[in-house]
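Hi there,

Here is the structure I promised to pass on. Have a look at it first, and my notes follow below.

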Amino acid sequence: MKIGRIETFYVPPRWLFVRVESEDGAVGWGEASLEGHAEAVDGAFEAIRDRFIGHDARRIEDIWQVSFRGGFYRGGPVLMSALAGLEQALWDLKGKAFGMPAWEMLGGAVRDKVRAYAWIGGDRPDEIESAATARREQGFGAVKMNATAELDWIGTPKLFDEVVARVEAAQAAGMDVGLDFHGRVHRPMAKQLAKVLEPLGLLFIEEPLLSENHEGLAQLASLVSTPIALGERLYSRWDFKPFLASGAVDIIQPDLSHAGGILECRKIAAMAEAYDVAVAPHCPLGPLALAACLQLAACTPNVAIQEMSLGIHYNVGHDLLNFITDKEVLTPVDGYLPIPQKPGLGITIDEDAVREVAKERHRWRNPIWRQKDGSFAEW
């Protein structure tokens with residue numbers, strides 16, 4: 001089963017799909033979405049096509065190692081996202097060829113469903129409560145929300161009171177809450193805010209500091225009992241290694257469309273298991289990225305909860321389920337996502353719809369705003 005064709009598609013609102021076709025006409029799909037940088041990732045596929053057309057599509061690990069050792073890791077998120085999309089498509093292709101889901105080929109299932117959470121927005125407690133109630137009515141039991149908007153280097157009681165009130169509003173609507181700092185909080189503020197939030201019993205605080213501030217994260221982890229989560233800005237098991245070794249993180253959040261794909265994230269999860277660290281894959285992306293995450297969840301004991309982008313504020317014009325024909329596969333039931341049972345990634349892409357929308361390439365960019373201290377940050 002040799003690779004005959006590799007295509008990429010700019011799929012709105014901000015996704016990059018990958019289609020791999022074998023010489024005998026079999027097809028697999030993956031997702032190489034890197035928010036705001038689709039053009040850069042797409043460009044990386046020129047080298048992939050030159051290198052792997054004609055290669056045995058079943059030799060996924062060999063393809064991955066050739067790419068990685070050939071410089072993809074040194075290319076950071078752009079090249080690793082391209083590799084992730086290719087790798088996912090190869091698992092989809094191989095699974096369909098053998099008539100089994102990817103998770104079956106990776107050791108078999110340890111669960112048949114995984115808890116899911118959705119995003120909510122809102123600046124005031126009444127907006128938060130309304131959004132959380134809407135998610136509860138969709139069947140979710142957990143949500144993630146922004147910790148706060150603009151920040152100074154140090155906080156005030158008024159600011160802390162506002163953050164607490166917003167969390168309590170979501171909890172009053174019956175939600176478990178994870179709080180995302182987006183790595184835009186300075187260390188003095190993060191220490192204060194994490195301490196104030198500790199009595200609320202959060203699921204986690206996500207990226208209380210940027211991943212580059214490893215020493216600060218380790219210090220923060222020693223000060224509070226709230227689980228600390230991070231990982232969307234890390235791109236291989238080597239990136240995760242120092243955080244696991246130092247005890248700076250309790251929940252890792254690799255993104256299967258940024259960190260090399262399904263098998264690399266399975267290896268990252270196995271490392272985390274040895275340190276008694278949970279896994280909650282990052283996935284504010286499209287249906288193929290989520291389907292890949294569910295393959296990981298199926299066969300990985302320490303996956304605890306799964307992010308999904310249904311109804312997220314980024315999904316303007318097109319939502320998570322628009323480009324699949326079997327929408328029930330990625331539809332949560334009583335707060336849980338079922339593990340896909342179909343071969344490959346377990347979902348069916350509406351190829352005609354993808355080709356039609358991809359005729360006009362999206363140019364999605366990350367929103368940027370200026371913080372109170374004058375610096376810039378991504379949303």
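**What I found in it**

Pro-13 sits in the loop that links strand E1 (3-11) to strand E2 (15-22). Helices (H or I, at least four residues) and strands (E, at least two) are DSSP runs, numbered from the N terminus.

Before going further, please keep in mind that this is a predicted model: local features need pLDDT of at least 70 and side-chain atom pairs count only at pLDDT 80 or more, while totals for chains, interfaces and linings use all residues. Residues are numbered from 1 along each chain as its sequence is written, and side-chain values use heavy atoms, with hydrogens and water left out.

Most residues other than glycine have a negative phi, and most peptide bonds are trans. His-182 is not a glycine, yet has a positive phi of about 60 degrees. You will find His-182 in the loop between strand E6 (176-180) and helix H7 (187-197). Asp-334, also not a glycine, has a positive phi near 50 degrees, and belongs to the loop between strand E11 (306-307) and strand E12 (336-338).

Are these two buried or exposed? His-182 counts as buried because its relative accessibility is 12%, whereas Asp-334 is exposed, with a relative accessible area of 67%. (Buried means under 20% relative accessible area, exposed over 50%, and partly exposed in between, using a 1.4 Å probe and protein chains only.)

**The nonpolar cores**

The largest nonpolar core has 121 residues, and those with the most contacts inside it are Phe-17, Val-20, Phe-45, Leu-86, Leu-179, Leu-197 and Ile-252. Helix H11 (residues 287-299) supplies the largest share of this core, eleven residues. A second, separate core has seven residues, among them Phe-204, Ala-229, Ile-251 and Ile-305. By nonpolar core I mean a set of buried Ala, Val, Leu, Ile, Met, Phe, Trp, Tyr and Cys residues joined through side-chain atoms within 4.5 Å.

Which residues does Leu-179 touch, apart from its neighbours within four places in sequence? Leu-179 is in contact (heavy atoms within 4.5 Å) with Met-145, Asn-146, Ala-147, Val-163, Val-167, Leu-197, Leu-202, Phe-204, Ile-205 and Glu-206.

**How the helices pack**

Two packed helices are described by the angle between their axes and the distance between the axes. The axes are lines fitted to C-alpha atoms, for helices over the stretch in contact, and angles run from 0 to 180 degrees between N-to-C directions. Angles under 35 degrees count as roughly parallel, over 145 as roughly antiparallel, 65 to 115 as roughly perpendicular and the rest as oblique.

Helix H2 (residues 60-72) packs on helix H3 (residues 76-98) at an angle of about 170 degrees, with the axes 10 Å apart, so H2 and H3 are roughly antiparallel to each other. Their contact includes Trp-64 and Phe-68 of H2 and Leu-83 and Leu-86 of H3. By class, the residues of this H2 and H3 contact are eleven nonpolar, three polar and two charged. (Ala, Val, Leu, Ile, Met, Phe, Trp, Tyr, Cys and Pro count as nonpolar, Asp, Glu, Lys and Arg as charged, and the others, Gly among them, as polar.)

For helix H10 (residues 262-274) and H11, the packing angle is about 40 degrees and the axes are 10 Å apart, which means that H10 is oblique to H11. The contact is made by Ile-262, Cys-265 and Arg-266 of H10 together with Ala-292, Gln-295, Leu-296 and Cys-299 of H11. Five of these H10 and H11 contact residues are nonpolar, one is polar and one is charged.

**A residue in H9**

Phe-243 lies in helix H9 and counts as buried, at 5% relative accessibility. Leaving aside neighbours within four places in sequence, Phe-243 is in contact with Ser-211, His-214, Leu-217, Leu-230, Leu-234, Ala-248 and Val-249.

Happy to go through any of this with you.

Best wishes
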